[in-house]
Amino acid sequence: MLIDDQLTKKNYQSIVVLTGAGISAESGINTFRAADGLWENHRIEDVASPQGFYVNPDLVYRFYNMRRQDLLKAHIQPNPAHIALGDFERKFNGELLLVTQNIDDLHERGGSGNLIHMHGELLKMRCQNSGEVFITRENFDQTTVCECCRQSGNLRPHVVWFGEMPLQMDVIYQTLAQCDLFISIGTSGNVYPAAGFVEQARLAGADTVEINLEPSAVNSYFDWHIQGKAGELVPDFLTQLLVAEST
Ligand code: BJW
């Protein structure tokens with residue numbers, strides 16, 4: 001893959017990478033809005049909204065328990081795009097913030113450390129009373145007794161549903177305000193505030209690149225478009241950025 005000379009000749013100091021479901025697709029995790037997407041058998045508002053959880057908590061617990069058990073299957077592993085981002089973080093001399101909308105742990109397993117899960121994490125649950133967050137690899141539901149309040153019925157998935165505030169937005173916006181390169185990988189650009197990050201980065205004067213299988217809903221805001229599979233494109237792209245940095 002050859003990327004634009006203008007892009008690879010620059011010596012970037014502060015990079016923000018945003019990832020979405022597309023980066024985990026080649027690891028075997030379904031995207032949301034594909035024809036075979038996770039939402040196929042569920043209406044989005046039934047499983048990813050506080051109202052849906054209130055009306056049918058059993059359905060929501062089952063949905064996230066199923067996804068957690070799928071994530072823990074042996075064949076679900078980080079793909080070359082996750083691994084390349086982990087390598088890049090170790091080798092890049094500037095600042096790198098990776099913001100993912102994904103609730104899987106494939107970026108951690110790919111070696112990324114400076115990482116924000118803005119939509120939460122599948123391997124965590126939260127007490128609705130205290131706000132305390134617990135790591136879990138097990139199923140849980142309304143009958144599970146919470147470690148902090150010693151009651152059942154208080155634990156919910158530690159994920160951000162529609163209408164809820166995504167996590168660590170202050171850090172994300174501060175970093176976007178001073179970044180010089182913004183890279184979006186594998187997201188459809190349908191869900192805000194993440195879909196608006198490219199505009200924030202542009203306001204800061206950053207160059208912007210989209211790597212996606214198809215043009216996203218916010219494609220027109222990007223300076224460069226690289227179309228194809230993340231697992232095939234991201235390693236080469238990041239290598240070229242490192243080469244540019246060292247020359
Ligand atoms: C590949 C590939 C490969 C495939 N390689 N690419 C009207 C206007 C604007 C906003 C709103 C509005 N009405 C309501 C809102 C707000 C609402 C919103 O955005 N709604 C839209 C539907 C319009 N947003 C919210 O409510 C958020 N909170 C909020 O706004 O709070 C107020 C606030 C305001 C200002 C600042 C801060 C806060 C919360 C959003 C929560 C989203 N939650 C979910 C589910 C929870 C987690 C989970 O269960 O997993 O998060 S929804 C779902 O969508 C999930 C994802 O993280 C998110 C994004 O999806 P993503 O990652 O883009 O996946 P896909 O499937 O859509 O796209 C995959 C892409 O990859 C595709 O383009 C493929 O082509 C590509 N691809 N294979 C490269 N191999």
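**Ligand, pocket and cavities**

A polar side-chain atom of R67 lies 2.7 Å from an oxygen atom of the ligand. The model is predicted. The ligand sits in the largest pocket, and two cavities of 30 Å³ or more are also counted.

**Contacts with the ligand**

- The backbone of G163 places an N or O atom 2.7 Å from an oxygen atom of the ligand.
- E214 has a polar side-chain atom 3.0 Å from an oxygen atom of the ligand.
- On its own the ligand exposes 1,500 Å², and the protein buries 76% of that area.

**The shell around the ligand**

- The ligand is surrounded by 34 residues, and the closest are Y64, G163, T187, S188 and Y192.
- By class, the shell consists of 16 nonpolar, 12 polar and six charged residues.
- At least two residues of this shell come from helix 2 (22-25), and at least two come from helix 5 (57-71).

**The largest pocket**

- The volume of the largest pocket is about 930 Å³.
- Its lining is made up of 41 residues, and those nearest the pocket centre are A21, T31, F32, R33 and S188.
- Helix 2, helix 5 and strand 8 (207-212) each contribute at least two residues to the pocket lining.
- Helix 2 and helix 5 also each supply at least two residues of the shell around the ligand.

**The largest cavity**

- The largest cavity holds about 50 Å³ of space.
- Its lining includes L18, F182, S184, T187, G189 and A194.
- A195, V198, E210, S216, V218 and F222 are also among the residues that line the largest cavity.

- K10, N11, Y12, I15, F88, F92, L241 and E245 form its lining.
- The lining of the second largest cavity has five nonpolar residues, one polar residue and two charged residues.

Notes
Residues numbered from 1 in each chain as written. Predicted model: local features only at pLDDT ≥ 70, side-chain atom pairs only at ≥ 80, totals over all residues. Heavy atoms only, no water. Near = heavy atom within 4 Å. Polar contact = N/O pair within 3.5 Å; in protein donor to acceptor, adjacent residues only side chain to side chain. Areas by Shrake-Rupley, 256 points an atom, 1.4 Å probe, with all protein chains shown as cover. 1 Å grid on protein atoms, 1.4 Å probe; cavity = no way out; pocket = protein on both sides within 12 Å on 5 of 7 lines; lining within 4 Å. Sits in = over half its atoms within 2 Å of the grid points. Helix = DSSP H or I, 4+ residues; strand = E, 2+ residues; numbered from the N terminus. Nonpolar A, V, L, I, M, F, W, Y, C, P; charged D, E, K, R; others polar. Points joined across faces, edges and corners; volume = space filled by probe spheres on them.
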